[in-house]
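These are my notebook entries on a single chain. I recorded what I looked up, entry by entry.

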Amino acid sequence: MIEFLKSLFANGMGNTYFEAVVTTLKITLIGTGLAYIIGAPLGILLYGTSKGNLFPNKPVNAIVGFVVNILRSVPFVILLVMTQPIAKAIVGSKIGDNAFIVYLVIAAAPFVARMIESSFKEVDGGVIEAAQSMGSTNLQIIFKVIIPEAKPSLIIGSAIAVTTILGYTPMTYLVAGGGLGQIAIQYGLYRFDSQIMYISSLLLIILVQILQEVLNTIAKRCDKRIRNG
């Protein structure tokens, strides 16, 4: 551990690593938050319009499902290139951290939508039928029944989403962005410094593990089945 800390701060790289960690977290958390703002309504729409659910609508479900599946099937690097005009229109640039967040959101929102749809489908249908029999509206059922019942699954899904998005952040170097990926490529790979490359990768792994553990712990505390068991 001592040797690791010495290597971490060697050659004045300590501040560089710290700034890279902060940038990586910023990109990840903002990207995840925006992906959920867009993906959550899509997930609710996919669930609600499917056959036998709250407001079944086959054409709407087919169209939304088609768009979501298309975006999910495009590799991130290709999607990044294809959506550069969108980033330019939204943030005024095709490069940099803000532009990369746009690319992340476009790639992650469909993934989030499918995870939310899957979490909602795990809710016991009897609970929904009971709410309907008491005269609850569709919105009341979604926000007061389905979301609370699906909370543990939703949080576990968020852990998967945030770690997946974090895994995309090393590609910031493709658009002149910052973060640990940029450090690993610019200072490690291009300068043939394997130590910097490995330290950057290790820091990225540590961030993944921390975020995963925090969200999994929250999910367990929200799961009534575990608490009652």
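**Entry: basis of the values**

I worked from a predicted model, in which local features need pLDDT of at least 70 and side-chain atom pairs count only at pLDDT 80 or more, while totals for chains, interfaces and linings use all residues. Residues are numbered from 1 along each chain as its sequence is written, and side-chain values use heavy atoms, with hydrogens and water left out.

**Entry: confidence**

I checked pLDDT, the predictor's confidence in each residue, from 0 to 100. The chain has a mean pLDDT of 85, and 91% of its residues reach 70 or more.

**Entry: overall make-up**

I took helices (H or I, at least four residues) and strands (E, at least two) as DSSP runs, numbered from the N terminus. The chain has 12 helices and 0 strands. Along the principal axes, its C-alpha atoms fill a box of roughly 70 × 45 × 25 Å. Of the 229 residues, 42% count as buried. Among contacts between residues at least 6 apart in sequence, I noted that 70% join residues at least 24 apart.

**Entry: aromatic rings**

I then turned to the rings. A pair of aromatic rings is described by the distance of the centres and the angle of the planes. I applied these cut-offs: rings of Phe, Tyr and Trp (its six-membered ring) pair if their centres lie within 6.5 Å, and planes under 30 degrees apart count as stacked, over 60 as edge-to-face and the rest as tilted. The structure holds 3 aromatic pairs. One of them joins Phe76 and Phe100 edge-to-face, at 5.7 Å centre to centre and 80 degrees between the planes. This pair links distant parts of the chain, as Phe76 is in helix H4 (residues 76-82) and Phe100 in helix H6 (residues 97-121), 24 residues apart. Phe100 is buried, with a relative accessible area of 0%, and Phe76 also counts as buried, at 6%.

How are the rings of Phe76 and Tyr168 arranged? I recorded the pair as stacked, because the centres are 4.5 Å apart and the planes stand at 10 degrees. Tyr168 belongs to helix H9 (residues 151-168) and Phe76 to H4, so the pair ties together parts that are 92 residues apart in sequence. Tyr168 is partly exposed, with a relative accessible area of 25%.

**Entry: helix packing**

I used axes as lines fitted to C-alpha atoms, for helices over the stretch in contact, with angles from 0 to 180 degrees between N-to-C directions. Angles under 35 degrees count as roughly parallel, over 145 as roughly antiparallel, 65 to 115 as roughly perpendicular and the rest as oblique. A crossing is left-handed if the near helix is turned anticlockwise from the far one by less than a right angle, and right-handed if clockwise.

Helix H7 (residues 125-133) packs with helix H8 (residues 138-149) at about 160 degrees, their axes 11 Å apart. H7 and H8 are therefore roughly antiparallel, and their crossing is right-handed. Val127, Ile128, Ala131 and Gln132 of H7 make the contact with Ile141, Val145, Ile146 and Glu149 of H8.

Helix H3 (residues 58-73) packs with H6 at about 125 degrees, with 9 Å between the axes. I therefore listed H3 and H6 as oblique to each other; H3 passes H6 in a left-handed crossing. From H3, the residues in this contact are Gly65, Val68, Asn69, Leu71 and Arg72, and from H6 they are Ile106, Pro110, Phe111 and Arg114.

**Entry: two single residues**

I located Leu174 in the loop between H9 and helix H10 (180-189). Its C-alpha atom is separated by 28 Å from that of Gly157, 17 residues apart along the chain.

Is Ser158 buried or exposed? Ser158, in helix H9, counts as buried at 15% relative accessibility. Leaving aside neighbours within four places in sequence, I found Ser158 in contact with Tyr36 and Leu215. The C-alpha atoms of Ser158 and Lys220, 62 residues apart along the chain, are separated by 13 Å.

Key:
Buried < 20%, exposed > 50% of the residue type's maximum accessible area, 1.4 Å probe, protein only. Contact = heavy atoms within 4.5 Å.
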